[in-house]
Amino acid sequence: MSPKRKNMTSKNKFFIVAVLVAVGGLAGSRWQASYDSNYYRAALKVLPAQNQATGSNQPTPVKLMVDNSVDAPALYGPYAIDNQTLFDLTKKTAEEKSLKFDYKDYGDLGYLVTQIGEQKNGTDNKFWQYWVNNEQVQVSADKYTVKPGDVIMWKFVKSAF
């Protein structure tokens, strides 16, 4: 085999490996998105919707999920809420379920949740972030007022910032 042919074979192998790694990464990210959506959909299914047949106007309760990136997400609730912040709801849930809970007060910027359960911010470059109704909210948890029917997910993930 000529040296040129041998070199092309190495380049081809490198290219094939690079493509496989890229496809694997894409498949992994699609799986994660599907995984998150499946838990979100499961939470929506267990939320009692307003009863259209009887015309009930009872507010739809709130569900709270906590995904610590190690175990399957835990689902808490349903909670009847009354002008409550997400911080208060999360702290109450942590107390009721005997989960460790910590935060840091940044004054006017709000409270940063730094620990839920055993996971602390900064571990493996991951931090606690939250989503409401499958959309990431960009205010601190003490500034977000929970609304009837909200599905909230706390996730321990690498920061996008």
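Lys 155 lies over the face of Trp 131, at 4.3 Å from the ring centre; a charge is counted as sitting over a ring if NZ of Lys or CZ of Arg is within 6 Å of the ring centre and within 35 degrees of the ring normal. This is a predicted model, in which local features need pLDDT of at least 70 and side-chain atom pairs count only at pLDDT 80 or more, while totals for chains, interfaces and linings use all residues. Residues are numbered from 1 along each chain as its sequence is written, and side-chain values use heavy atoms, with hydrogens and water left out.

**The five-stranded sheet**

Helices (H or I, at least four residues) and strands (E, at least two) are DSSP runs numbered from the N terminus, and two strands are said to pair if DSSP finds at least two bridges between them. On that basis, five strands form an open sheet with mixed pairing, in the order E2-E1-E8-E6-E7. E2 and strand E7 (135-136) stand at the edges, each with a single partner strand, so one side of each is left without a neighbour in the sheet. Within this sheet, E1 and E8 run parallel and are joined by five bridges, whereas E6 and E8 pair in the antiparallel sense over seven bridges.

Ile 152 in E8 has Leu 64 standing opposite, and Val 132 also stands opposite Ile 152.

Pro 73 belongs to the loop between E1 and E2 and counts as buried because its relative accessibility is 11%. The C-alpha atoms of Pro 73 and Lys 155 are separated by 8.6 Å, although the two residues are 82 residues apart along the chain.

**The nonpolar core**

In soluble globular proteins, nonpolar side chains tend to be buried together. A nonpolar core is here a set of buried Ala, Val, Leu, Ile, Met, Phe, Trp, Tyr and Cys residues joined through side-chain atoms within 4.5 Å. The largest such core has 22 residues, and those with the most contacts inside it are Leu 86, Val 146, Ile 152 and Trp 154. Two or more residues each come from strand E1 (62-67), strand E2 (74-79), helix H2 (86-96), E4, strand E6 (126-132) and strand E8 (151-158), and H2 gives the most, with four residues.

Contact means heavy atoms within 4.5 Å. Not counting residues up to four places away in sequence, Val 146 touches Val 62, Ile 81, Gln 84, Thr 85, Leu 86, Leu 89 and Ile 152.

E4 and E5 are joined by two bridges, and Gln 115 has Lys 120 in E5 as its bridge partner.

Thr 114 is placed in strand E4 (residues 111-116) and is buried, with a relative accessible area of 18%. Leaving aside neighbours within four places in sequence, Thr 114 is in contact with residues including Asp 102, Tyr 103, Lys 120 and Trp 128.

**Aromatic pairs**

A pair of aromatic rings is described by the distance of the centres and the angle of the planes. Rings of Phe, Tyr and Trp (its six-membered ring) pair if their centres lie within 6.5 Å, and planes under 30 degrees apart count as stacked, over 60 as edge-to-face and the rest as tilted. A search of the whole structure finds eight aromatic pairs, and two of them are tabulated here.

| Aromatic pair | Centre to centre | Angle between planes | Class |
|---|---|---|---|
| Tyr 103 and Tyr 111 | 4.9 Å | 40 degrees | tilted |
| Tyr 130 and Trp 154 | 5.1 Å | 50 degrees | tilted |

The pair of Tyr 130 in strand E6 and Trp 154 in strand E8 links distant parts of the chain, 24 residues apart. Tyr 130 counts as buried at 5% relative accessibility, and Trp 154 counts as buried at 2%. By contrast, Tyr 103 is partly exposed at 32% relative accessibility, and Tyr 111 is partly exposed with a relative accessible area of 26%. Ring pairs also link Tyr 103 and Tyr 111 with Phe 87 and Phe 101 into a cluster.

Conventions:
Buried < 20%, exposed > 50% of the residue type's maximum accessible area, 1.4 Å probe, protein only.
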